[in-house]
Amino acid sequence: LTKDVNDESAGWDNIKISAHINCSTPMTGTNHPPSCVPSLQIHSEDFEDEDLTGWTNGVIEGSTGFTTFLGRYGKSNSGPGKDPFKTFGGIPRHATSVTFQFHFYEIDGWDMPDQAVLVVNDKSLDLGNFEEHLDENNRSATAHGMKFQLVSEGPPAHIGFNSEMKDQKHLITVTIPSSFYEIGGELNVMFQVRTTADNIDSESAGWDDIKITAHFNCPSLAPTTSSPTNCLPSRELYNEDFEDNGLTGWTNGVLQYSTEFTTFLGRYGNNNSGPGKDPYKTYRIPSDATSIILEFNFYELDSWDGRYEADQAILVVNNKSLSLGRFDMYDNENGRNGSAHYMTFELSSEADPFNIGFGSFFDQKHLVKVTIPSNFYEETGEITIMFQTRLSESMLDDESAGWDNIKITASFRC
């Protein structure tokens, strides 16, 4: 190579590491569970963050009765070239089948021959005709190897939008065979609505709460007298490093970049923290997890004065505060731990205080691991986390905080 990088150079990108698990050769003569799970949820989308990433022809609508969803779609904005569609990648090609589940909202004055259709990889699955005064509960059908089951949440009743008409919410579960994804590992999904009324306020449709679950053929243990547990003791649910500059789901989220810290959630200081300003986000959690571990980097930036002032960092989970303590630019807080509301944390610092970036003051990178018990999420299936920074200096360049590399891991009893 020449010395000038502009003459010739190289780059590296899209690094992926995949783990391969042997699901067919369990340890003979032991009760050791196989390294295989019978099902794994690989996608979940409820549109509450109003994010339409990946959707073509996607529109968002919201109402108290329906929350936020993909829609509304009617005669005026449906049809060839108008129907919403999205390609879902990352489908495990060795999965025996995939379950595609969603809510279909039948809104206002549907009547014959109004219909809804699901299209997967250009193969149509007719969900049937719908009528405002007809309860379509327990409908099912098959096409192209796909099978769907429809369960209605209740009989027709006014839920939202046109008060003179009735609506229904239908939960639809579609089983898709491996022939749809075993080569490309993708599913292209399109929702079609074919209604007759010109006005969307007369009849329309919505789609919501999309979930994709892959199913695997896990062999039983033999010989053994115990049934297999088909359980993994822990599973990583979220991993968020902000390198894509995304703030999906964050309220009061801001991003900062520097060579030394890369991209992170921050900076936060005296002027952009406090009630109504602190960043927070809600994460969905499996309600059967015995506990979860929330792990993140806390960046202590510049002239924190914890020896003299109440400069401190606080984690709030479901409105329960866990103080991480005071921090000072000259003190090494490595090895700190604490607890509150049955949550516990451990803090380890990457190095002694020294100047890393931004101002000329000393900084530190801390790794914080928080164990959160099941009573925080077992009823609602979610947690809301908030990062609070309480600093004495008014200037962000004097002292500030950042948060990065957020990971949530769920533990299960196997």
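Me: Why is isoleucine 383 called buried in this predicted model?
Reply: The relative accessible area of isoleucine 383 is 0%. Buried means under 20%, so isoleucine 383 counts as buried. Isoleucine 383 belongs to strand E23, residues 382-390.

Me: How far is isoleucine 383 from tyrosine 330, in sequence and in space?
Reply: The two are 53 residues apart in sequence, and their C-alpha atoms are 34 Å apart in space.

Me: Which residues make a nonpolar surface patch with Tyr330?
Reply: Phe354 and Phe362 make the patch together with Tyr330, and its area is about 310 Å².

Me: Why is phenylalanine 354 called partly exposed?
Reply: Its relative accessible area is 41%. Buried would need under 20% and exposed over 50%, so phenylalanine 354 falls in between and is partly exposed. Phenylalanine 354 is found in the loop between strand E21 (343-349) and strand E22 (364-373).

Me: How many aromatic pairs does a search of the whole structure find?
Reply: The search finds 34.

Me: What makes the pair of tryptophan 55 and phenylalanine 88 edge-to-face?
Reply: The ring centres are 6.1 Å apart and the planes stand at 80 degrees. A pair needs centres within 6.5 Å, and planes over 60 degrees apart count as edge-to-face; both conditions hold, so the pair is edge-to-face.

Me: Which parts does this pair tie together?
Reply: Tryptophan 55 is in the loop between strand E1 (39-45) and strand E2 (60-63), while phenylalanine 88 is in strand E4 (residues 85-88). The pair therefore ties together parts 33 residues apart in sequence.

Me: Are tryptophan 55 and phenylalanine 88 buried or exposed?
Reply: Tryptophan 55 has a relative accessible area of 9%, and phenylalanine 88 has 4%. The limit for buried is under 20%, so tryptophan 55 is buried and phenylalanine 88 is buried. Ring pairs link both into a cluster whose members include Phe47, Phe130 and Trp207.

Me: What lies over the face of phenylalanine 130?
Reply: Arginine 139 does, at 4.5 Å from the ring centre. Elsewhere, the charged end of arginine 336 sits over the ring of phenylalanine 327, at 4.6 Å from the centre.

Me: How do you know that aspartate 83 is buried?
Reply: Its relative accessibility is 4%. With buried set at under 20%, aspartate 83 therefore counts as buried. Aspartate 83 is placed in the loop between strand E3 (67-73) and E4.

Me: What makes the link between aspartate 83 and arginine 194 a polar contact?
Reply: Their side chains are joined at 2.8 Å, and the cut-off for a polar contact is within 3.5 Å.

Definitions and conventions. Residues are numbered from 1 along each chain as its sequence is written. This is a predicted model: local features need pLDDT of at least 70, side-chain atom pairs count only at pLDDT 80 or more; totals for chains, interfaces and linings use all residues. Side-chain values use heavy atoms; hydrogens and water are left out. Patches are made of residues with over 30% relative accessible area and no salt bridge: like charges are joined within 9 Å, nonpolar side chains (Val, Leu, Ile, Met, Phe, Trp, Tyr) within 5 Å. Accessible areas come from the Shrake-Rupley method with a 1.4 Å probe; for residues, only the protein chains shown count as cover. A salt bridge is a side-chain nitrogen of Lys or Arg within 4 Å of a carboxyl oxygen of Asp or Glu. Helices (H or I, at least four residues) and strands (E, at least two) are DSSP runs, numbered from the N terminus. Buried means under 20% relative accessible area, exposed over 50%, partly exposed in between (1.4 Å probe, protein chains only). Rings of Phe, Tyr and Trp (its six-membered ring) pair if their centres lie within 6.5 Å; planes under 30 degrees apart count as stacked, over 60 as edge-to-face and the rest as tilted. A charge sits over a ring if NZ of Lys or CZ of Arg is within 6 Å of the ring centre and within 35 degrees of the ring normal. A polar contact is a pair of N or O atoms within 3.5 Å; within protein, one must be able to donate a hydrogen and the other to accept it, and residues adjacent in sequence count only if both atoms are side-chain atoms.
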